[in-house]
Amino acid sequence: MTRVEEKARVVVLISGSGSNLQSLIDASRERGSPYLIDHVISNRPGAGGLERAHKAGIAHTTLDHKDFPDRASFETALGTCIDARSPDIVVCAGFMRVLTEPFVSHYQGRMINIHPSLLPSFRGLNTHARALDAGVAFAGCSVHWVSVGVDEGAIIGQAIVPVLPGDTPESLAQRVLEQEHRLYPACLNLVASGRAILREGRTFLDGKPSTLGLWPIGGG
């Protein structure tokens, strides 16, 4: 994915505080990082992640989805804003919009997302409460390619977090978030360096099919 003699250019889509964005910014500044964050786009005015981008000296844009009459017109404007930066990779970091098939298809194999569960379990919202209600022993997070189905894209990497006695959705969410901040930069490094690619709906790592992704273990 990396351009010849250049780092991969990344556009990050956000909706909220941007804690995962911050982890990606910090990692991009490490020696040998294969990517740089070129632009940040938020669909919510005043999102905390915009201030993080500003402090990091990263160009940023607000496209309030409420200013558009329908989803299609918003996605047209969003796509125009993204494509103006000619990114190699589009990263969704807490971007709370369901994307339609034409938009997803345009960025197929170039767009990734992080989800706070061990996919394919607990797709969608309220993942931590649902995990606790199900009585699972482990929770975690997953980085995956964005596909038409919500949280259904091929997995790039996952981090496991044990569920502890007395956990609440809030305490579990905090421990999972700590692992998100480690997992997302690691997976973006793999994509940006060309080690991880999407081929025929599957993730290939170093040229071989990757069945389960990466499994760093998050401490309790």
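Colleague: Which residues touch the most other members of the largest nonpolar core?

Modeller: The model is a predicted one. Its largest nonpolar core holds 39 residues. Helix 6, residues 169-192, supplies the largest share of this core, with 9 residues. The members that touch the most others are Val12, Tyr35, Ile37, Val91 and Ile112.

Colleague: Which residues does Ile37 touch, not counting residues up to four places away in sequence?

Modeller: Contact here means heavy atoms within 4.5 Å. With those sequence neighbours set aside, the residues that Ile37 touches are Val10, Val12, Leu21, Leu24, Ile25 and Ile58.

Colleague: How are the rings of Phe68 and Phe74 arranged: stacked, tilted or edge-to-face?

Modeller: The ring centres of Phe68 and Phe74 are 5.7 Å apart, and their planes stand at 65°. Planes over 60 degrees apart fall in one class, so the pair of Phe68 and Phe74 is edge-to-face.

Colleague: Is Phe74 buried or exposed?

Modeller: The cut-off for burial is under 20% relative accessible area. Phe68, at 24%, counts as partly exposed. Phe74 has 2% relative accessibility and therefore counts as buried.

Colleague: What is the angle between the planes of Phe103 and Tyr107?

Modeller: Phe103 is buried at 6% relative accessibility, and Tyr107 is buried at 1%. Their rings form a tilted aromatic pair, 5.0 Å centre to centre, and the angle between the planes is 55°.

Colleague: Which ring lies under the charged end of Arg199?

Modeller: The charged end of Arg97 sits over the ring of Phe74, 5.6 Å from its centre. For Arg199, the distance to the ring centre is 4.3 Å, and the ring is that of Phe204.

Definitions and conventions
Residues are numbered from 1 along each chain as its sequence is written. This is a predicted model: local features need pLDDT of at least 70, side-chain atom pairs count only at pLDDT 80 or more; totals for chains, interfaces and linings use all residues. Side-chain values use heavy atoms; hydrogens and water are left out. A nonpolar core is a set of buried Ala, Val, Leu, Ile, Met, Phe, Trp, Tyr and Cys residues joined through side-chain atoms within 4.5 Å. Buried means under 20% relative accessible area, exposed over 50%, partly exposed in between (1.4 Å probe, protein chains only). Helices (H or I, at least four residues) and strands (E, at least two) are DSSP runs, numbered from the N terminus. Rings of Phe, Tyr and Trp (its six-membered ring) pair if their centres lie within 6.5 Å; planes under 30 degrees apart count as stacked, over 60 as edge-to-face and the rest as tilted. A charge sits over a ring if NZ of Lys or CZ of Arg is within 6 Å of the ring centre and within 35 degrees of the ring normal.
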